[in-house]
Amino acid sequence: MLLICVDDLRPELKSFGAEYISSPNIDALAEKGIKFQKHFVNSPSCGPSRYTLLTGQYGPAGNNALFSRAKKIKQGTQKVDKSIPEWFKTYGYTTVSVGKVSHHPGGRGGKNWNDSTKVEMPNAWDKHLMPVAEWQHPRGMMHGLANGQIRVKSADMTVFQTVEGDDNSYPDGAITDEAINQLNALTSSNENPFFLAVGIIKPHLPFGAPKKYYDKYDSVDLPEIKHSQKPKGRTTWHGSGEFMKYNRWGKNPNKDVDFANDVRRHYAACVSYADAQVGKILAALKKTGADKNTIVVLWGDHGWHLGEHAIWGKHSLFEESLHAPLIIHYPGMKHEGANTDAIVETVDIFPTLCDLAEIEIPEYAHGTSLKEILVNPNATGHYAISYNNKASTIRTSTHRMTLHQDGFVELYNHITREKETKNIAEEHPELVKELKVKLSTRLKLK
């Protein structure tokens, strides 16, 4: 089992319809697997989204979600269900994590995220590794720029950067090298089946990548930003605080088209850089020969606005924050390269992996196995729920409804041209009522 997590990756891939993007390695995986074109994460932030992936359950909306779970385990006063790696360990799997799989790269807390007494996922990994190279510690890697530059103050670090250099001039090069080392070790022992999870950091802010990746986009015509205006009514819009706190040379992408395009090109460069790391890992898997009997999943932990609704970042409950790529390949699958438009969500991944590995699906998993869709890409999905600290949302094949904590409702029709720019909640009280019931039924599982 090989699980590849990519941070802040919206479906900005050629295989997901972004024609201008160079993503040959992920696209090659997509041609061997099934592309879930309508996969939605359960929360638009790294920590809570990874909680849902790794536990198969809806959970807290904060970035400390997994650390809160770890605290409960340590206290021992209440039962805490097993995470994916814990569950697979009970079936004889060796479990290894490299890079940013849980919220903190390497899965540890403390000032610099390297305190082994503060583990984000107790009992989960036989090894949870985070090479730091010249970035000194995992915290330094997370927001690092070229050649060991570490974020001290966001305002002192440029929001994007490109430098001449090889892939190891940025942090993901070291993560990829270690992932390949672990893959070689796991496949050479042949004693146990393995569950290897690898977390690539880019395209997370700040947008830094070697120049050869930026050069792919230097003169590319970028597609128009859809619905780029700030919404007029009440929504989950925010002021892009994570993005705006970096050094932007005094520029605002909502007011400066050239700067907006610079940001988008640097994001694209980071996608291509991340894609190259995925390619190295998949090539290493093939070289070992283990690709013939290894399930491979590529998952983006949430979406990312590139100017839609005048947002630059994640954290909203609009489509752009919640829509992320999901590709699943397993040996012997019949519909290689197929697309599915079935609505699915991140909590479905845990039961799916169990189903594909032919081990028991735990009763406590909140999601549904996607094997039926993998066997028949035309099969229908279900609906997806998501949440942040202020509201929750439900996405069906036709609509999105967002319910604020004080009862205010947004309803959008995805069949129309307006999509998530026109709130039609007042005109459709019966649909709102129906979707509220579905949403609350799922949220009660939290």
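**Pockets, cores and sheet of the predicted model**

On a 1 Å grid over the protein atoms alone, a pocket is an open set of points where a 1.4 Å probe fits, with protein on both sides within 12 Å along at least five of seven lines, and lining residues have an atom within 4 Å of a point; grid points are joined across faces, edges and corners, and a volume is the space filled by probe spheres set on the points. The structure is a predicted model, in which local features need pLDDT of at least 70 and side-chain atom pairs count only at pLDDT 80 or more, whereas totals for chains, interfaces and linings use all residues. Residues are numbered from 1 along each chain as its sequence is written, and side-chain values use heavy atoms, with hydrogens and water left out.

The lining of the largest pocket comprises 34 residues, with Arg-10, Lys-226, Glu-308, Glu-320 and His-323 nearest its centre. By class, this lining contains 16 charged, ten nonpolar and eight polar residues (nonpolar: Ala, Val, Leu, Ile, Met, Phe, Trp, Tyr, Cys and Pro; charged: Asp, Glu, Lys and Arg; polar: the others, Gly among them). The second largest pocket has a volume of about 360 Å³. Its lining consists of 18 residues, and those closest to the centre are His-238, His-315, Asn-388, Asn-389 and Lys-390. Eleven residues of that lining are polar, five nonpolar and two charged.

A nonpolar core is a set of buried (under 20% relative accessible area, 1.4 Å probe, protein chains only) Ala, Val, Leu, Ile, Met, Phe, Trp, Tyr and Cys residues joined through side-chain atoms within 4.5 Å. The largest such core has 71 residues, and Leu-2, Ile-4, Leu-196 and Phe-243 have the most contacts inside it. Helix H9 (residues 257-288) contributes the most to this core, with 16 residues; helices (H or I, at least four residues) and strands (E, at least two) are DSSP runs, numbered from the N terminus. Another core, of 50 residues, lies apart from it and includes Ile-34, Leu-54, Met-333 and Val-344.

Eight strands form an open sheet of mixed pairing, in the order E7-E4-E9-E1-E11-E14-E2-E15, where two strands pair if DSSP finds at least two bridges between them. Strands E7 (127-129) and E15 (339-340) stand at the edges with a single partner strand each, so one side of each lacks a neighbour in the sheet. Strand E2 (residues 34-36) and E15 run parallel and are joined by two bridges; Phe-36 has Thr-340 in E15 as its bridge partner.
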